[in-house]
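Subject: Two-chain model for you to look at

Hi,

Here is the structure I promised to pass on.

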Amino acid sequence: MDIICGNCSLANPSNAKFCKGCGYELIPPDKNEQSTKTTSTKEQEPKAEVKSEQSATQQSATQQSATQQSATQQSVNGPIDRKHELPPKTYLVHSILATIFCCLPFGIVGIVYAAGVESAFYRGYHDLALQKSRRAKIWTIVAIIVGLIGGFLYLLLILGGAIASKTLLNN
Amino acid sequence: MQRWYKLLIACGLLVAVIIYALFDPAESGLFPKCPFLQLTGLLCPGCGSQRALHSLLVGDIKAAFHYNPLATLLFPYLILGFVVELLLYSKSGTSGSPNAILLWLRKFLFGRAAAYIILVAVLLFWGGRNIL
């Protein structure tokens, strides 16, 4: 069983704590997400065929594709899915605000991280989602600080200019 | 987040809205100009968003659209986003599962697909408004 690095997608041995390729901290996929074969009589009947196919391929597949399988399975009829749980904050709204108001580069990075939070969460990598959420938050804070400082400096400049021209006029 | 902090942000937003409603960035020199425009001479995706916000606040949707159509379209979306987020994340933690409708709104309007669509829209708008 390999652990797929969330950063560079390299397969690492299951006991590894950090990726041997890039040094990124490895987060094992959530145990709950792996064992989505739990029975729920209601939903099982119409999708029984699909499910048996999936579980057959699941056995031969690597862990990465197994997680993907269980993710799709989960979206079809998974009883232990995360659909009803609250994902971490994505800061998408803040990032868009930053993009159209002050700090385009930070905003765009923020939007990319927001997408990352969502995809990590719904693939079952809860810790990775949290990590990306924290990064998105940092970018948001950076954008706000840069915007505030920029605006403040601009105001100072304008006021300074106004005062200077007034004193010049008076003299 | 602590309570006074939230109050401070709310007050700041209120003041900002009042300032943008009272003063027209197209006429007043008090509002910061876009650094990207001044450095490169090209418009950025956010250029005109302050004037668009003013126009929207005084009820002139046509003018807002003229200044920055992307921002004009995004303002209501962003307000909805803030409301959804506020409702979802202020209640969570203590109570069990979150409201299904809010969660659905969050996932489909502010999820991964939405983020990528907006990213592409911003980039296309950026290119388009400088070429056309």
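A definition before anything else: two residues are in contact, or touch, if their C-beta atoms, placed from the backbone, lie within 7 Å. By that rule F31(B) touches P25(B) and Q50(B), leaving aside residues up to four places away in sequence.

Please keep in mind that this is a predicted model, in which local features need pLDDT of at least 70, side-chain atom pairs count only at pLDDT 80 or more, and totals for chains, interfaces and linings use all residues. Residues are numbered from 1 along each chain as its sequence is written, while chains are lettered from A and ligands numbered from 1 in the order in which they are written. The predictor gives the complex an ipTM of 0.82 and a pTM of 0.63. For chain B the mean pLDDT (the predictor's confidence in each residue, from 0 to 100) is 85, and 93% of its residues reach 70 or more.

The two chains

Helices (H or I, at least four residues) and strands (E, at least two) are DSSP runs, numbered from the N terminus. Chain A has seven helices and two strands, in the order β-β-α-α-α-α-α-α-α from the N terminus. Chain B has seven helices and zero strands. I call a residue buried if 20 or more other C-beta atoms, placed from the backbone, lie within 10 Å of its own, exposed if 12 or fewer, and partly exposed in between. Buried residues account for 33% of the 171 residues in chain A and for 24% of the 132 residues in chain B.

Back to F31(B): this residue sits in the loop between α1 (3-22) and α2 (35-40) of chain B. It counts as partly exposed because it has 19 C-beta neighbours inside 10 Å. From F31(B) to R51(B) there are 20 residues in sequence and 9.7 Å in space, C-alpha to C-alpha.

Where the chains meet

The contact takes 23 residues from chain A and 29 residues from chain B. On the chain A side, α5 (92-101), α6 (104-123) and α7 (126-170) each give two or more residues, and α6(A) gives the most, with eight.

The largest nonpolar core has 44 residues, and L92(A), I96(A), I111(A), A114(A), V117(A) and A115(B) touch the most other members. Such a core is a set of buried Ala, Val, Leu, Ile, Met, Phe, Trp, Tyr and Cys residues joined through C-beta atoms within 7 Å. With eleven residues, α6(A) gives the most to this core. Not counting residues up to four places away in sequence, L92(A) touches I111(A) and A114(A) as well as G81(B), F110(B) and A115(B) of chain B.

Helix α7 (residues 112-131) of chain B has 20 residues and reaches 29 Å from its first C-alpha to its last, close to the 28 Å expected at 1.5 Å a residue (that is, 1.5 Å times one less than its number of residues). Its buried residues are A114(B), A115(B), I118(B), V122(B), F125(B) and W126(B). Seen down the axis of α7(B), they fall within an arc of 110° (taken from the directions from the helix axis to the C-beta atoms), so they line one face of the helix. On the other side of α7(B), the exposed residues are I117(B), V120(B), L123(B), L124(B), G127(B), G128(B) and I131(B).

Best wishes
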